[in-house]
Amino acid sequence: MLGLKHGVNYLVDYQPAWKLEFETESGRIKTALGILAKGVEHYGSTSVEGMKAKPILDILVGIRPLEGWRECVELLEGLGYDYAEHAGIPGHFIFGRGRDRSERTHLLHIVEFEGESWTSNLQLRDALRRDMHLRQAYVAAKEAAIAAAPTGRAEYNELKRKFIDEAKAALAKEP
C-alpha cells in the first residue's frame with residue numbers, strides 16, 4: 001500500500017487506505033510533538049481522492065516560529081523518522097520514514113505554520129481536490145517527469161516543479 005524504494009519512481013492508483021493511514025500517523029505526530037505542532041495536514045497527491053500518486057504519504061507539520069523545528073528532531077526520531085538534511089526544499093525541514101532506510105513510506109515536512117509554504121501547499125491540495133482538470137494536468141506532468149527520470153527522485157521533483165509553481169502562482173491570484 002505504501003512504500004517506494006530509493007531511486008525508483010512510479011505512480012499507483014489512489015488507495016482509500018491512505019486517508020486512514022494519515023489519520024493514524026497524524027495522531028502519533030500530534031501526541032509526540034504536542035504544542036509544538038500548530039497544525040498537521042495530509043497534502044500531496046496521496047491526499048487527493050482519485051489521483052494517481054507515488055505511494056509515499058506526505059505530511060505537512062506547521063510550527064511557529066520555524067526556528068523551533070530543531071525541538072522536533074528527537075521527538076520525530078522516536079516515531080521512526082530520520083532527518084533528510086539535504087532534501088533541498090527551502091523553508092522545509094524534511095523527515096522520512098520507511099520499513100528500512102532503502103524505502104520511504106512517509107515524508108514529513110516541517111514548515112512555518114500559516115506561512116507561505118503552509119498556505120500555498122494547502123491551497124494547491126484543495127484545488128486538486130475540487131478541480132478534475134487540474135488533477136489530470138498534474139498527473140500528466142508527473143507521468144512526463146517519471147518518463148524522463150524513472151530512477152532519479154530529485155530530478156523527478158525538479159521536472160514537475162514548473163507545473164507546481166505555475167499552479168500555485170495562479171491560485172495565489174484568485175480572490
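Biologist: Is Tyr138 buried or exposed?

Modeller: Tyr138 is buried, with a relative accessible area of 6%. Buried means under 20% relative accessible area, exposed means over 50%, and partly exposed is in between (1.4 Å probe, protein chains only). This is a predicted model: local features need pLDDT of at least 70, side-chain atom pairs count only at pLDDT 80 or more, and totals for chains, interfaces and linings use all residues. Residues are numbered from 1 along each chain as its sequence is written, and side-chain values use heavy atoms, with hydrogens and water left out.

Biologist: What lies over the face of Tyr138?

Modeller: Lys142 does, at 4.9 Å from the ring centre. A charge sits over a ring if NZ of Lys or CZ of Arg is within 6 Å of the ring centre and within 35 degrees of the ring normal. Another case is Arg97: its charged end sits over the ring of Tyr81, 5.8 Å from the centre.

Biologist: How is a pair of aromatic rings described?

Modeller: By the distance of the centres and the angle of the planes. Rings of Phe, Tyr and Trp (its six-membered ring) pair if their centres lie within 6.5 Å; planes under 30 degrees apart count as stacked, over 60 as edge-to-face and the rest as tilted. The structure holds six aromatic pairs. In one of them, the ring centres of Tyr83 and Phe95 are 5.2 Å apart and the planes are at 40°, so the pair is tilted.

Biologist: Where in the chain do Tyr83 and Phe95 lie?

Modeller: Tyr83 is in strand 4 (residues 82-83) and Phe95 is in strand 5 (residues 93-97), so the pair ties together parts twelve residues apart in sequence. Helices (H or I, at least four residues) and strands (E, at least two) are DSSP runs, numbered from the N terminus. Phe95 is buried, at 0% relative accessible area. Tyr83 counts as partly exposed, at 26%.

Biologist: Which ring pairs with Phe163?

Modeller: Tyr138 does. The ring centres of Tyr138 and Phe163 are 5.2 Å apart and the planes are at 10°, so this pair is stacked. It links distant parts of the chain: Tyr138 is in helix 4 (residues 132-148) and Phe163 is in helix 5 (residues 153-173), 25 residues apart. Phe163 is buried, with a relative accessible area of 17%.

Biologist: How are two packed helices described?

Modeller: By the angle between their axes and the distance between the axes. Axes are lines fitted to C-alpha atoms, for helices over the stretch in contact, and angles run from 0 to 180 degrees between N-to-C directions. Take helix 3 (residues 116-130) and helix 5: their axes come within 10 Å and cross at roughly 90°. That makes helix 3 roughly perpendicular to helix 5. Angles under 35 degrees count as roughly parallel, over 145 as roughly antiparallel, 65 to 115 as roughly perpendicular and the rest as oblique.

Biologist: At what angle do helix 3 and helix 4 cross?

Modeller: Roughly 110°, with the axes within 5 Å. Helix 3 and helix 4 are therefore roughly perpendicular to each other. In this contact (heavy atoms within 4.5 Å), Leu124, Ala127, Leu128, Arg129 and Arg130 of helix 3 meet Met132, Leu134, Arg135 and Tyr138 of helix 4.

Biologist: Which residues does Lys160 touch?

Modeller: Lys54, Tyr138, Lys142 and Ala145, not counting residues up to four places away in sequence. Lys160 lies in helix 5 and is buried, at 10% relative accessible area.
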